[in-house]
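Dear colleague,

I am passing on the structure below for your own work, and my notes on it follow. Please read them beside the coordinates.

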Amino acid sequence: MNIGKPIKTIYIKRKEGERTLPARIPKEEPIHVPNWPIKREIGVEEVRGR
Amino acid sequence: MIGAKVLRVTYNNINILMRIESPVQIYSRRWEFSTDNAPALAAICLSYSLPIHSFISVPNEDCKCGIYGSTYYNLLLINYAADIQTHRVPVQVMLGRLSAYEYITYACFIIEATGKTIEHEFGFRAEYAKAIGVVNIFNWGRPTEKLLSNEFGIPLIAHNEVQALIAEHNELRKIIMMESAK
């Protein structure tokens, strides 16, 4: 949003007993790692053992 | 002090309003809707890369933080011309292997700023803000705005009256401040 250059700072009084939402920083969403299918590389020695 | 602000509105695929959020404000925290009885939103600074200032002094003169509002309605319309005219843009959301659809629109709100406020040429940055009205954009009478006004109990404001409303309110506030200073 283009609001131009700052002019001056003012303090506006708030109503008595007016509540505010607590400060909360947005979290990053966790990356989904699929549990299936299980990709497990079978080693050469393991195959020989069978 | 009051001004106008464009916010993103999200529906799910059964046409139920999900959330309202700020589209591009990186330096202020996420916008949450608040009605008359509800608490006002407090701004915190998220500019990690810029030199850190005190947490108490938000918005800061040397930073870009705060909740933004525009006092020039026409300028806001120019800046958000494309966003405002979008209607129900589908967005695919992946939930693991399942996928759902969300629909995005934009709505223009009238916000009231309190606490520390920095006045700019065409707008302001505020410490606390609260939505007090929805603008019936171009007097189209879209279902989005009607739904928002019903849902949150805030008045629908006609497109023609917005600029006058903002100007009147801000001038009145200035006069009251001048008289109280005497």
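What percentage of the 50 residues in chain A is buried? Buried residues make up 4% of chain A, where a residue is buried if 20 or more other C-beta atoms lie within 10 Å of its own, exposed if 12 or fewer, and partly exposed in between, with C-beta atoms placed from the backbone. In chain B, which has 182 residues, the buried share is 36%.

Two remarks on conventions come before the rest. This is a predicted model, in which local features need pLDDT of at least 70 and side-chain atom pairs count only at pLDDT 80 or more, while totals for chains, interfaces and linings use all residues. Residues are numbered from 1 along each chain as its sequence is written, and chains are lettered from A and ligands numbered from 1 in the order in which they are written.

Confidence

The model scores ipTM 0.74 and pTM 0.76. For chain B the mean pLDDT (the predictor's confidence in each residue, from 0 to 100) is 81, and 80% of its residues reach 70 or more. Among the elements of chain B, the lowest mean pLDDT, 64, belongs to strand β2 (residues 17-21), and the highest, 94, to strand β8 (residues 156-158). Over residues 23-32 of chain B pLDDT stays under 50, and the model has 30 contacts beyond four places in sequence for this stretch, a contact being two residues whose C-beta atoms, placed from the backbone, lie within 7 Å. Where pLDDT is low, the predicted coordinates should not be read in detail.

Chain A has 1 helix and 1 strand, whereas chain B comes to 4 helices and 8 strands; helices (H or I, at least four residues) and strands (E, at least two) are DSSP runs, numbered from the N terminus. Along the sequence, the pattern of chain B is β-β-β-β-α-α-β-β-β-α-β-α. Of the contacts in chain B with a separation of 6 or more, 53% are between residues 24 or more positions apart.

Leaving aside neighbours within four places in sequence, the contacts of B:A4 include B:G69, B:S70, B:C108, B:V135 and B:I166.

Strand β4 (residues 67-70) of chain B has B:I67 and B:G69 pointing one way and B:Y68 and B:S70 the other, and all are buried. In a regular strand the side chains alternate between the two faces of the sheet. β4(B) pairs with strand β7 (residues 123-136) of chain B in the antiparallel sense over 4 bridges, where pairing requires that DSSP finds at least two bridges between the strands. In that pairing, B:Y68 has B:R125 of β7(B) as its bridge partner.

Where the chains meet

On the chain B side, 29 residues are in contact with 22 residues of chain A. The side of chain B that touches chain A draws its largest share, 8 residues, from β6(B). Strand β1 (residues 6-12) of chain A and β6(B) run antiparallel and are joined by 6 bridges, with B:E119 in β6(B) as the bridge partner of A:K8.

Loop residues to look at

Most residues other than glycine have a negative phi, and most peptide bonds are trans. B:F138 is partly exposed because 13 other C-beta atoms lie within 10 Å, while B:N139 counts as exposed because it has 10 C-beta neighbours inside 10 Å.

B:P155, in the loop between α3 (143-152) and β8 of chain B, counts as exposed because it has 11 C-beta neighbours inside 10 Å. Leaving aside its neighbours within four places in sequence, B:P155 is in contact with B:G133 and B:S149.

With best wishes
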